[in-house]
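Happy to go through this one with you.

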Amino acid sequence: MIQPPPIIGLRILIVEDEEASAKMLQFCLSKAFPNSGIEISGTVADARSLLDDAFDHNRFFDVAILDFKLPPRPGTQPESDFSLGLAAHDLFPNMLIIHVTAYREDTAIKVFFRGGGI
């Protein structure tokens, strides 16, 4: 069987406040896409800064894996947040955005999905 060519230069943003989960995702993705650049953020503010910087320097992300419940800033409690996914979509309309959550029963998250998401 012929193998497809490797994906080179894939840029991935992981936004997850649980450090162990973020590191596991990074490990798995780096094995699947060994030539990728993976950046990790744990808050909405830090992730937004990474997105804005990537946009300003024309270094788009190909994929963003976003937790739905994140601290807005370092030292704050996680909250349901949809602004990051919306901002990512506005900045990089062709980016694959994957939302994840451990809070599937969260009312705000249910409403978001019933409304069609991004």
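Angles between N-to-C directions that fall under 35 degrees count as roughly parallel. Keep in mind that this is a predicted model.

Q: Why are α2 and α3 called roughly parallel to each other?
A: The two helices pack at an angle of about 0 degrees, with their axes 10 Å apart. The cut-off is under 35 degrees, so α2 and α3 are roughly parallel.

Q: Which residues of α2 and α3 meet?
A: From α2 come Val44, Ala47, Arg48, Leu51, Asp52 and Phe55, and they meet Ser83, Leu84, Ala87, Ala88 and Leu91 of α3. The residues of this contact divide into eight nonpolar, one polar and two charged.

Q: What are the buried residues of α2, and what covers them?
A: They are Val44, Ala47, Leu51 and Ala54. Their cover includes β1 (11–15), β2 (37–41), β4 (69–70) and α3 (83–91).

Q: How do you know which side of α2 the buried residues are on?
A: The buried residues of α2 are Val44, Ala47, Leu51 and Ala54. They cover an arc of only 95 degrees around the axis, which puts them on the same side of α2. An α-helix has 3.6 residues a turn, so residues three or four places apart point the same way.

Q: Is Asn58 buried or exposed, and what makes it so?
A: Its relative accessible area is 67%, and exposed means over 50%, so Asn58 is exposed. Asn58 sits in the loop between α2 and β3 (63–67).

Conventions:
Residues numbered from 1 in each chain as written. Predicted model: local features only at pLDDT ≥ 70, side-chain atom pairs only at ≥ 80, totals over all residues. Heavy atoms only, no water. Buried < 20%, exposed > 50% of the residue type's maximum accessible area, 1.4 Å probe, protein only. Helix = DSSP H or I, 4+ residues; strand = E, 2+ residues; numbered from the N terminus. Arc of directions from axis to C-beta. Contact = heavy atoms within 4.5 Å. Axes fitted to C-alpha atoms, helices over the stretch in contact; angles between N-to-C directions. Parallel < 35°, antiparallel > 145°, perpendicular 65-115°, else oblique. Nonpolar A, V, L, I, M, F, W, Y, C, P; charged D, E, K, R; others polar.
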